[in-house]
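Colleague: Please show me the model, and then I will ask about its parts one at a time.

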Amino acid sequence: MLLFQDMLELIRSEARRFIDGIEEKEVIFDPTEHAHITLRLIKYSRSVDDFDSKLDSICEGIGKLKFVGSAKREGAYINVNLEPLTVLRTISESIETAGIFPDSFQDPERVSVEHTSTNPTGPIHMGRVRNSIIGDSVARLIARYGYRVTTQYYVNDSGKQMLSLYLGYRKFHDGEKPTVPILLDGYLKIYSLFEKEGNEKEVEDLMERYEKGDEEIIRNVREIATIVLDSIVEDLARLHIKFDEFTWESEFITTGETKEVMKRLSTSIQTNPDDGARYIDIPGLRKIYLERRNGTSLYVTRDIAYHMYKFSQYDRCIVILGEDHREHGKIMTYIMHDLLEYKNQLDFLFYGYVNLESGKMSTRKGTSIPVREVYDKLVEKAKNEMISRYGNASDETAHKIASSSLRFYLVKINPSKPITFKWEDALDFNGETAPFIMYSYTRAASIMDKAASTGGKYSGEEMHESEGDLIIHLYQYPYRLKEAYMSLKPEVLANYLLVLSKKFTKFYENCRVIDQPDPVRNRRIEIIKSYMKILEDCSDILGITNVRKM
RNA sequence: GGGCGCGUGGCCAAGCCUGGAUAUGGCAACAGCCUCCUAAGCUGUAGAUCAGGGGUCCGAAUCCCCUCGCGCCCGCCA
C-alpha cells in the first residue's frame with residue numbers, strides 16, 4: 001500500500017532524475033493550498049543548467065506517476081495534485097481488508113511512558129492534568145505506531161510534602177477516618193502552621209526517620225497516600241486515562257536500591273571532606289548531591305534507581321515533566337547515558353504551567369481548580385445543550401463530550417507554551433474544540449444511518465472539489481501520524497483533526513449524498529466511511545470519544 | 001547575576017526544528033444563511049509594524065546577535 005509519505009518519495013525520486021540532490025523538505029505537502037503536493041525548486045535555479053527545461057521534464061515525469069492527477073509548473077514551483085479517486089480506493093481497501101488505515105506497524109519494542117506522577121497531597125487540578133493528558137496521548141500514539149507501551153505512575157510517598165500530609169492528619173484529625181477532604185484540610189493547616197512558626201523541625205525529624213527506612217512511618221504514609229492517590233486515579237479514569245503500573249518511591253529506599261546506585265556511580269562520586277555528604281559534579285552544571293551527610297538518599301538518587309529499574313524492563317523510556325524539571329531532565333540524561341552508559345532511549349517531554357488569570361495554581365495555597373469541578377461543569381453544559389435541542393439528554397453522551405472537551409482543551413496547545421485557564425475557553429463547545437470534531441462525526445453517522453445502502457461500485461464522475469480535498473487530507477493521516485510520533489507531539493494530531501473535520505464540514509455543506517444517483521452516492525458513502533474510520537482512529541489517540549448522536 | 005522556556009490581529013492558537021507563493025485558523029464584533037443528510041454548523045466584512053533593533057541571505061515569523069516583557073531553574077527540597 002502506498003502511503004502519503006511514499007507518494008512524496010516517488011515524486012522526489014522522479015525530480016532527482018533531472019536535478020540531483022533535491023532536498024527532502026523541498027517536496028512537501030503544500031500548506032498554502034496551491035496544490036496537494038508542491039516542489040519548491042527556486043533554490044536550484046542558479047546552480048542548475050537548463051533549469052527551465054529540466055523543470056518541464058520533471059513536471060512531465062511526475063504527471064505520469066500512478067496516483068498523480070495533474071502536475072503544473074508555476075514559476076519555480078511544480079504543483080502536483082493527486083488523483084482523489086485512486087487515493088480513495090487505497091484508503092477504503094485498507095479499511096475493507098485490515099479494518100484500519102494505515103495498517104502497517106513497527107517491530108514491537110517495549111516503551112514506558114511515565115506521566116502524572118504528582119504527589120498525592122490532594123485532588124488533581126487543571127495544571128497537573130496537563131501532564132496526564134499529554135502523557136496518555138503520547139502513550140496511545142506510540143501504541144498506535146506499533147510499540148508495546150506501558151504507562152507508569154511514579155508515586156512520591158516520601159519527601160517533605162507527603163510527610164507534611166501525614167503530620168497534618170495526625171496533628172489535626174488524629175483518629176478520624178482519613179478521607180480526601182480531611183487529609184487536605186490537615187495539609188493546608190500544617191503548612192499555615194509552618195508559615196506562622198517558621199519551624200519545620202517536626203517534619204524534618206519524620207523525614208529522617210522515614211529515609212532511614214522506619215517501617216511504621218513508611219506504612220502509615222503509604223496508607224494515607226493511597227487514599228488520595230485513589231481519588232486522583234478515579235478522576236483520571238473519567239478522562240479515560242489509566243495506568244498499567246504504579247511504582248512507589250519508598251520501595252527504592254527499603255530495598256536498598258539507592259545503595260546500589262551509589263555503588264554503580266562510585267567512580268564519579270565525590271565526598272565532602274568535612275561532613276561526608278556525597279555528590280557528583282556535572283560538567284557545565286553544578287554539584288548534584290546523592291547522599292546527605294546523615295547517609296540518607298535524595299530525590300535524584302531515587303530517580304536514578306527508578307530509571308535503572310525502567311531500563312531493565314523497557315527499550316525506551318519517555319517521561320512527562322513540568323517545565324520546572326528541565327534541568328532535572330538534563331541531569332538524568334547525563335547520569336544514565338554518560339555515567340552509567342545505558343543505551344536505552346530516554347526522552348523527556350516538558351510542559352508549561354496552567355495558570356489562572358489571578359496567578360498560579362497551588363494545592364497548598366488553595367488556589368487550584370480541581371479537574372473534577374471542570375469536568376462536572378462540562379457534563380452539565382453538555383446536557384443543557386442536548387436538552388435545548390432535543391428536549392432530553394443522554395448521560396453517556398454528556399460524559400463523552402465532557403472528557404473529550406477537557407482533554408482537547410489541554411492537548412491541542414504546544415506543551416512548551418503556558419496556558420491561562422479561563423472557564424469561558426474550557427467550556428466552549430464552538431470553534432476549535434472537541435465538540436466541533438465530534439459534531440462532524442455525528443453528521444457523518446447520520447447520513448450513514450439514513451442511507452439505505454452501505455456503498456458499492458463507484459467512479460470519479462461529478463466529483464466536487466471539496467470531495468477531492470477531503471480525500472487527500474484523509475490520505476495524509478499516516479504522514480501526520482509519523483510526524484507526531486517522531487517528534488512526540490500529540491498536538492500535531494489535534495490540529496490535524498481540526499483541519500480534517502473542517503474539510504468534512506465543507507464536504508457536507510457542498511455535497512448531497514443519499515438523494516444522489518448511484519455512482520456518485522456510492523463514492524460519497526465510501527468517503528464518509530473512510531472519514532469516520534480515520535476520525536475514530538485519530539480521535540482515539542487523543543482520548544476523544546465520538547458519538548453517533550449529540 | 002548565570003541558564004532555560006515563552007512573546008504571532010482586541011483575545012486564543014498554527015506555522016519556527018528543516019528560510020521561499022498574498023502569515024493559517026478559532027473566539028469576540030458586524031452583515032447574512034435552516035420548506036434541504038443534526039445551525040455544536042456555514043458564508044461574507046473588518047482587524048497583524050509576526051515584542052523591538054541589528055545581522056546573514058536573492059529571500060527571514062522561521063537562522064544568528066543584542067535589547068525589552070512574562071515565567072521557570074540555579075537546595076545535603078521534591
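Colleague: How many bridges join strand 5 (residues 110-114) to strand 11?

Modeller: This is a predicted model, in which local features need pLDDT of at least 70, side-chain atom pairs count only at pLDDT 80 or more, and totals for chains, interfaces and linings use all residues. Residues are numbered from 1 along each chain as its sequence is written, chains are lettered from A and ligands numbered from 1 in the order in which they are written, and side-chain values use heavy atoms, with hydrogens and water left out. Helices (H or I, at least four residues) and strands (E, at least two) are DSSP runs, numbered from the N terminus, and two strands pair if DSSP finds at least two bridges between them. Strand 5 and strand 11 run parallel, and the number of bridges joining them is 4.

Colleague: In strand 12, which residue is the bridge partner of Ile 320?

Modeller: Strand 11 is also joined to strand 12 (residues 345-351), by 7 bridges, and these two run parallel. The partner of Ile 320 in strand 12 is Leu 349.

Colleague: How many residues of strand 11 are buried?

Modeller: Buried means under 20% relative accessible area, exposed over 50%, and partly exposed in between (1.4 Å probe, protein chains only). Arg 316, Ile 318, Ile 320 and Gly 322 point one way from strand 11, Cys 317, Val 319 and Leu 321 point the other way, and all are buried. Strand 11 (residues 316-322) is mostly covered, and the buried count is 7 of its 7 residues.

Colleague: Is Lys 365 buried or exposed?

Modeller: Lys 365 lies in the loop between strand 13 (354-356) and helix 13 (371-390). Because its relative accessibility is 69%, Lys 365 counts as exposed.

Colleague: What is the order of the open sheet of 3 strands?

Modeller: The pairing in this sheet is antiparallel. Its edge strands are strand 8 (269-271) and strand 10 (287-291), each pairing on one side only. Strand 9 (residues 278-281) is joined to strand 10 by 4 bridges, and Ile 280 has Ile 288 in strand 10 as its bridge partner. The order is 8-9-10.

Colleague: Which residue is joined to Pro 102 by a cis peptide bond?

Modeller: Most residues other than glycine have a negative phi, and most peptide bonds are trans. Pro 102 is found in the loop between helix 3 (84-98) and strand 5. Omega of the cis bond is about -5°, and the residue joined to Pro 102 is Phe 101.

Colleague: What is the phi of Leu 488?

Modeller: Leu 488 sits in the loop between helix 18 (477-487) and helix 19. At 7% relative accessibility, Leu 488 counts as buried. Leu 488 is not a glycine, yet its phi is positive, at about 50°.

Colleague: What is the phi of Ser 117?

Modeller: Ser 117 is in the loop between strand 5 and helix 4 (128-144). Its relative accessible area is 18%, so Ser 117 is buried. Ser 117 is not a glycine either, and its positive phi is about 45°.
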